[in-house]
Structures are given as structure tokens and as C-alpha cells.
Amino acid sequence: MRSYETAVSRAHGRGSTKNGFSHWWRQRITSVLLVPLLAWLAGGLALQAGADLESARAWVAFPLNATLLIVALAVLFYHAALGVQVVIEDYVHLEGLKVASLMLLYLVCFALVVAGSLAVVRIALGG
Amino acid sequence: MQSSNRPLSPHLTIYRPQMTSLLSIAHRGSGVFLAVAAVLLVVWLTALAAGPQAFATVQGLLGSWLGLAVLAVITLALTYHFCNGIRHLVWDTGRALELPAVYRGGWLVIIGTPVLAAVIWGLGVLGYFGYLGGA
């Protein structure tokens, strides 16, 4: 495994300046995780096309699927937040608006992970 | 610092579009679009948990022509971001950074995007007719 940091910056743990390395690295980790997760999710959801309530619930409630769905939701929305964060930092230059947008972004992404996971748990326990 | 009216580079309006720049812009664009589209997944799961009425409404919307068109665009955005994301991950290992390799990877992404999307929709058709057949 190639090291992306110098020994000193690794010791400081602050990347090139503040926390750019950490952000970049998290984006990479979530990308790698999303490759198998999204291949499974896209295929699995496509197979639910036209499914009725019972069969769709049965698919979600299957323990492996329920677990992977919650993991996928968490990784996907974290990856999305990290990505949209860069776009906001690139284009929103008013400091107050930028900070507010970033807070809203992470709040919404976190809420979506909770809402999605809650739905999965309800379906998994409701059978 | 005083801001001048001097032009900034690159001049996107006169800069000749290249595959490299277009794919890069499309990666960011598809990423932001997918972040919004991911809300649909939460909506679908929430409707599924809520009950028959909510689920029928969401399935009806997704199964309408407009819904299917939106799903088709989402699928293409997803397979594009997926393929180009893997291209980025390869670059991050220090590989395929020479210009010919950059273009070769770009063409792989351009071919892989519709192919993967077709595979996903093939599974969708399979699922749809599977359920119609009572499987």
C-alpha cells in the first residue's frame, strides 16, 4: 500500500494544510465500499421492478439485505455529503452562507440515513 | 486584494471542449444529481414500510412514463459516476496517468456507462416479468 502522506504530516495528522487529506481519504474509502454495495443495490432494486408489497417487503426483510441496505444508506449518503461539500466550498464564497449550507447538507444527509434505516428496521421487524 | 476585470483562465466559453474536461464536469454533475436522486431510495423504503396505500402511490409514480424516464436518467448517471469513479480510483494508485491511458480510460467509461445501465434495466425487465408470471 502506497503511503499518501509524508512521515511528518502523518505524525501531525493534519494532511497538507488542515484536514484535506482526511476528507480526500474518506471520499476514497467510501468510493471503494460503494463499488460492491451499489452493484448489489442496483441489481437488487431492479429485480424489485413491479414487485407487490409482500415480495418487496420480503426482499428488504431478508437479514442480509436489511443489513446491507442500512450499510449502503450510511456509506452512500456520507459519500454524497463529502462530494457535495466540495462543490459548496468551490462555489459558495460568503463565509456565513457556506457554513450554513454545509451544516444543512450534513443534517439532511444524516436525517436521510436515519429515515431510510428506520424504514428498513420497521420492515425487517414487521414480518 | 483588489479584484481586477482581467479575464480569468480557462475561458470556458472559448476553451475547446475536450473529452477529459467534459468527463470531469460530468463526474461532478452526475454526483450532485445522484445525491438528490438518492432521496428516492429513502422515499421508496419509507413508503414500503408505511403500508399498501403509500407503496402503491410510489410504485405508480415510478412506473409511469415520466417515472421510468427519470429512473433511466438516474441509472445512466449512476453507471457513469460508477465507471468514472473507478477510473479515478485507478489514477489514485498512480496508474494510467499518461495521456493515451487517460483517453483510453475515458472511452472505456463512455462504453461502460450504457452497457452497465442496460444490464440493470435487463434485470428490471427480468424482475418485472418474473412478478407478472407469479414467480
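The expected span of a helix is 1.5 Å times one less than its number of residues. The structure shown in these views is a predicted model.

**View 1. Helix α5 of chain A along its length.** Helix α5(A) contains 31 residues. From its first C-alpha to its last it reaches 45 Å, close to the 45 Å expected at 1.5 Å a residue.

**View 2. The buried residues of α5(A) and their cover.** Cys109(A), Leu112(A), Gly116(A), Ala119(A), Val120(A) and Ile123(A) are the buried residues of this helix. Their cover draws on both chains: it includes α3 and α4 (63-91) of chain A, together with α1 of chain B.

**View 3. The crossing of α3(A) and α5(A).** The axes of helix α3 (residues 53-61) and helix α5 (residues 95-125), both of chain A, come within 8 Å and cross at roughly 105°. Angles of 65 to 115 degrees count as roughly perpendicular, so α3(A) is roughly perpendicular to α5(A). In this contact, Arg57(A), Val60(A) and Ala61(A) of α3(A) meet Val120(A), Ile123(A) and Ala124(A) of α5(A). Five of the contact residues are nonpolar, one is charged and none is polar. Val120(A) and Ile123(A) are also among the buried residues of α5(A).

**View 4. The side of chain B that touches chain A.** Chain B brings 31 residues to the contact and chain A brings 33. On the side of chain B, at least two residues come from each of α1 (19-50), α2 (52-63), α3 (65-92) and α4 (99-132). Helix α1(B) provides the largest share, twelve residues. By class, this side of chain B has 22 nonpolar, seven polar and two charged residues.

How values were computed. Residues are numbered from 1 along each chain as its sequence is written. Chains are lettered from A and ligands numbered from 1 in the order in which they are written. This is a predicted model: local features need pLDDT of at least 70, side-chain atom pairs count only at pLDDT 80 or more; totals for chains, interfaces and linings use all residues. Axes are lines fitted to C-alpha atoms, for helices over the stretch in contact, and angles run from 0 to 180 degrees between N-to-C directions. Helices (H or I, at least four residues) and strands (E, at least two) are DSSP runs, numbered from the N terminus. Angles under 35 degrees count as roughly parallel, over 145 as roughly antiparallel, 65 to 115 as roughly perpendicular and the rest as oblique. Two residues are in contact if their C-beta atoms, placed from the backbone, lie within 7 Å. Ala, Val, Leu, Ile, Met, Phe, Trp, Tyr, Cys and Pro count as nonpolar, Asp, Glu, Lys and Arg as charged, and the others, Gly among them, as polar. A residue is buried if 20 or more other C-beta atoms lie within 10 Å of its own, exposed if 12 or fewer, and partly exposed in between; C-beta atoms are placed from the backbone.
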